[in-house]
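Please keep the model open while reading.

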Amino acid sequence: MLNITIRNFVCPSLDYTQALQLRHRILRVPLGLEFTAEELEKDKHDIHLGLFEGKRILACITLTRCENNSMKMRQVAVEDAEQGKGLGKKLSQAGEKYALENGFEMIFCNARKTAVPFYESMGYKIVSNEFTEVNLPHYRMEKKLH
Ligand SMILES: CC(C)(COP(=O)(O)OP(=O)(O)OC[C@H]1O[C@@H](n2cnc3c(N)ncnc32)[C@H](O)[C@@H]1OP(=O)(O)O)[C@@H](O)C(=O)NCCC(=O)NCCS
């Protein structure tokens, strides 16, 4: 792949619009769900990172500042045809670097059960019992940043 770049962007912006379309396609359409107004409102206060090939977004994540110097990583989505090529890991690690550089000490996520091995590959540990979100089994997973 040529010309891969990672950058952060704000909501609203053209990059955000692309990211939202990717999130919708990867994280909502397969579940028959739409984003709620409340979910979209939250995006305005968050940090968004995208992995781009040229101008096209291939992967995105959203970071939410939380209590106790922790950051929540959410809405992790990689374009279908690009999954399994290391892009999700590259972008998540850029998110961890951003969190560390901005004084956060811990990063956590609500991981879909199917994505647990992905987070484990980056050193996240399960810290909850199984629970349900968007009708799917999830676990809270955490990683200390230093
Ligand atoms: C889950 C997702 C973000 C992972 O991104 P990706 O680019 O496909 O994953 P990567 O290629 O970066 O994989 C990184 C590591 O995780 C492992 N991994 C990824 N998905 C895995 C899976 N389903 N089962 C086992 N291992 C997996 C890879 O083998 C790789 O391990 P390595 O670094 O030791 O070689 C992506 O597949 C995706 O968007 N899936 C659909 C939406 C989703 O489930 N999002 C997460 C919601 S919590």
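The points below cover the fold, the core, the ligand shell and some backbone details.

This is a predicted model: local features need pLDDT of at least 70, side-chain atom pairs count only at pLDDT 80 or more, and totals for chains, interfaces and linings use all residues. Residues are numbered from 1 along each chain as its sequence is written.

**Overall fold**
- The chain has 4 helices and 8 strands. Helices (H or I, at least four residues) and strands (E, at least two) are DSSP runs, numbered from the N terminus.
- Their order along the sequence is β-α-α-β-β-β-α-β-α-β-β-β.
- A compact globule of 146 residues would have a radius of gyration near 15 Å, and the chain agrees with 14 Å. This radius is taken over C-alpha atoms, and the globule rule is 2.2 Å times the number of residues to the power 0.38.
- Along the principal axes, the C-alpha atoms fill a box of roughly 35 × 35 × 30 Å.
- Of the 146 residues, 25% count as buried. Buried means 20 or more other C-beta atoms within 10 Å of a residue's own, exposed means 12 or fewer, and partly exposed is in between; C-beta atoms are placed from the backbone.

**Nonpolar core**
- The largest nonpolar core holds 25 residues. Such a core is a set of buried Ala, Val, Leu, Ile, Met, Phe, Trp, Tyr and Cys residues joined through C-beta atoms within 7 Å.
- Among the residues with the most contacts inside this core are Ile61, Met73 and Met141.
- β3 (56–66) is one of the elements that give two or more residues to this core. β3 gives the most, with 6 residues.
- Leaving aside neighbours within four places in sequence, Met141 is in contact (C-beta atoms, placed from the backbone, within 7 Å) with residues including Phe108, Tyr119 and Ile126.

**Ligand shell**
- Gln83, Gly88, Lys89, Pro117 and Phe118 come nearest of the 19 residues around the ligand. A residue is near if its C-beta atom, placed from the backbone, lies within 6 Å.
- The shell divides into 10 nonpolar, 6 polar and 3 charged residues. Ala, Val, Leu, Ile, Met, Phe, Trp, Tyr, Cys and Pro count as nonpolar, Asp, Glu, Lys and Arg as charged, and the others, Gly among them, as polar.
- α1, β4, α3, β5 and α4 each supply at least two shell residues.

**Backbone details**
- The peptide bond from Cys11 to Pro12 is cis, with omega near 5°. Pro12 sits in the loop between β1 and α1.
- Asn69 has a positive phi near 55°, and is partly exposed.
- Val134 has a positive phi of about 40°, and is exposed.

Methods: Contact = placed C-beta atoms within 7 Å.
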